[in-house]
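User: I have a chain open and want to talk through its contacts. Can we go piece by piece?
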Amino acid sequence: MSVFGPDNLPLGVFQYGDQSPRIGAALGDQVIDLTPLELSDTFAEPTLNAFLALGRPAWTSLRAALLELVRTGAVEPHLIPQSAVTMLLPIEVGDYVDFYASEQHATNLGRLFRPDAEPLLPNWKHLPVGYHGRAGTVVASGTDIVRPSGQRKAPDAAAPTYGPSQRLDIEVELGYVVGSPSALGQRVSVDDFREHVYGVVVLNDWSARDIQGWEYVPLGPFLGKSFATSISPWVVSLDALESAAVALPAQDPPVLPYLAGKNLVNYDITFEVRINGDLVSTPPYRDIYWSPAQMLAHMTVNGASVRTGDLYASGTVSGTEQNQLGSLIELTKAGREPITVHGKDYTFLQDGDEVTITAHAGDLGLGEVTGRITPAV
Ligand code: CA
């Protein structure tokens with residue numbers, strides 16, 4: 001469990017005993033019950049959406065007020081041990097978009113899915129490639145993941161079959177939570193990222209590779225992805241994450257003007273992936289090719305609006321080293337080269353396995369997202 005220091009104060013929705021779900025801030029291994037502090041009526045709500053809709057000036061002033069209450073010790077009567085509460089889904093998710101912004105991941109998957117072609121497709125360095133996912137199946141950390149069933153067809157098989165996925169996988173990602181909406185017909189500039197996005201969560205985009213491999217041409221991911229996406233319970237604000245901000249890597253070829261900006265941000269975050277407690281990978285976020293500001297600008301460039309509670313994710317985060325890959329399909333070369341988990345050969349997820357992804361930016365913890373695989377029904 002990551003420690004949440006006094007400068008972090010991520011927000012989440014907790015349930016304590018038989019009391020109504022409401023909003024708290026994490027402080028160390030405690031939850032600050034925010035409702036009795038009377039900073040904002042929105043903290044008594046069962047999701048963060050009303051708070052998110054307040055917008056950037058309110059987010060920043062409420063954070064300053066809370067930092068002061070923590071500094072003076074005024075929050076102490078309102079601390080509850082995290083071990084005594086249940087954390088719920090922090091937002092009512094509006095729309096969900098998943099990008100594909102890691103050059104290393106896109107290259108690795110291109111080689112695995114299209115071994116006879118250029119791994120990176122011609123559009124990849126001109127726009128942040130993405131697709132619209134299924135918002136209604138974004139679930140809270142700790143929710144069991146039922147093994148999906150569907151159509152699978154091995155490349156050398158004559159016909160597809162139906163049954164439980166045999167190649168169930170993870171994707172390590174960072175999710176961005178939209179607070180302020182945009183108007184239909186208007187695009188969001190790369191310079192307005194901080195006005196619209198409140199913060200980040202750790203995200204696991206569960207993926208059934210056998211279903212995905214058969215269905216994805218030509219319209220992209222569908223049932224191989226839509227059965228579940230897990231997010232961490234604590235939303236870390238961009239204000240807290242400022243200490244982890246780094247410049248975006250150089251983009252070549254140059255991007256079109258609507259994607260260009262002087263202060264395009266990226267974040268120096270490291271993930272840790274554990275299967276049944278065994279550390280299997282440590283993907284680094286800082287070299288992701290596309291800035292989250294560019295992702296937001298691109299997803300609205302056609303006039304599509306964003307809403308409070310929208311979630312968009314980075315795509316799988318993979319580094320250049322074998323121990324930095326963000327999915328099992330990459331870690332095991334599509335199952336051909338097993339990794340070792342607890343001393344045994346391991347390829348894809350088995351029933352009963354528990355996957356936990358934590359993330360941190362130096363001393364700043366982002367918490368964890370976890371989920372256990374249960375058998376197909
Ligand atoms: Ca993904």
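Analyst: Fine. One caution before we start: this is a predicted model. I would begin with a ring residue, Phe 99, which is buried, with a relative accessible area of 5%.

User: What about Tyr 312, buried or exposed?

Analyst: Tyr 312 is buried too, at a relative accessible area of 0%.

User: How many aromatic pairs does a search of the whole structure find?

Analyst: Ten aromatic pairs turn up in the whole structure. One of them joins Phe 99 and Tyr 312: the ring centres are 6.0 Å apart and the planes stand at 80°, so this is an edge-to-face pair. Phe 99 belongs to strand E6 (residues 96–99) and Tyr 312 to strand E22 (residues 311–313), so distant parts of the chain, 213 residues apart, are linked by the pair.

User: And Phe 113 with Tyr 216, what are the ring distance and angle?

Analyst: For Phe 113 and Tyr 216 the centres are 5.4 Å apart with the planes at 70°, so that pair is edge-to-face. Phe 113 is in helix H3 (residues 103–113), while Tyr 216 is in the loop between helix H5 (209–215) and strand E16 (229–231). They are 103 residues apart, and the pair links distant parts of the chain.

User: How accessible are Phe 113 and Tyr 216?

Analyst: Both count as partly exposed: Phe 113 has 23% relative accessibility, and Tyr 216 has 21%. The cut-off for buried is under 20%.

User: Which residues form an aromatic cluster?

Analyst: One cluster is made up of Phe 43, Phe 51, Trp 59 and Tyr 198.

User: Change of topic. Which domains does the assignment give?

Analyst: Domain 1 covers 11–88 and domain 2 covers 96–374. Their C-alpha centres lie 28 Å apart. In the contact there are 19 residues from domain 1 and 19 residues from domain 2.

User: What area is buried between domain 1 and domain 2?

Analyst: About 1,500 Å² is buried between domain 1 and domain 2, with carbon and sulfur atoms giving 61% of that.

User: How many salt bridges are there between domain 1 and domain 2?

Analyst: The count between domain 1 and domain 2 is one. On polar contacts, four residue pairs are found across the interface of the two domains.

User: Which elements supply the side of domain 1 that touches domain 2?

Analyst: Strand E1 (11–16), strand E2 (22–27), helix H1 (49–52), helix H2 (56–72) and strand E5 (85–88) each supply at least two residues. H2 gives the most to that side of domain 1, with four residues.

User: I also clicked on Thr 229. Where is it, and which residues is it in contact with?

Analyst: Thr 229 sits in strand E16 and counts as buried, at 2% relative accessibility. Apart from neighbours within four places in sequence, its contacts are Tyr 96, Thr 137, Val 138, Val 139, Leu 203, Asn 204, Asp 205 and Trp 206.

User: Back to charges. How many salt bridges does the structure hold?

Analyst: There are 15. In one of them the side chains of Arg 147 and Asp 351 meet at 2.7 Å, N to O. Arg 147 lies in the loop between strand E9 (145–146) and strand E10 (149–152), and Asp 351 in the loop between strand E24 (344–346) and strand E25 (354–361), so the bridge ties together parts 204 residues apart in sequence.

User: Is Arg 147 buried or exposed?

Analyst: Arg 147 is buried, at a relative accessible area of 9%. Asp 351 counts as partly exposed, at 38%.

User: Which residue forms a salt bridge with Asp 169?

Analyst: Arg 209 does, with the closest N and O atoms 2.8 Å apart. Arg 209 is in helix H5 and Asp 169 in strand E12 (residues 168–169), 40 residues apart. Arg 209 counts as buried, at 3% relative accessibility, and Asp 169 counts as buried at 0%.

User: What meets the side chain of Glu 171 in a salt bridge?

Analyst: Arg 209 again, at 2.8 Å, N to O. Glu 171 lies in the loop between E12 and strand E13 (172–178), and Arg 209 in helix H5, so parts 38 residues apart in sequence are tied together. Glu 171 counts as buried, at 4% relative accessibility.

User: Which residues are linked in a network of salt bridges?

Analyst: Asp 169, Glu 171, Asp 205, Arg 209 and Lys 225 are linked in such a network. Asp 205 is also among the contacts of Thr 229.

Definitions and conventions
Residues are numbered from 1 along each chain as its sequence is written. Side-chain values use heavy atoms; hydrogens and water are left out. Rings of Phe, Tyr and Trp (its six-membered ring) pair if their centres lie within 6.5 Å; planes under 30 degrees apart count as stacked, over 60 as edge-to-face and the rest as tilted. Buried means under 20% relative accessible area, exposed over 50%, partly exposed in between (1.4 Å probe, protein chains only). Domain bounds come from an automatic or database domain assignment. Contact means heavy atoms within 4.5 Å. Buried area is the accessible area (1.4 Å probe) that two parts lose on being put together, summed over both. A salt bridge is a side-chain nitrogen of Lys or Arg within 4 Å of a carboxyl oxygen of Asp or Glu. A polar contact is a pair of N or O atoms within 3.5 Å; within protein, one must be able to donate a hydrogen and the other to accept it, and residues adjacent in sequence count only if both atoms are side-chain atoms.
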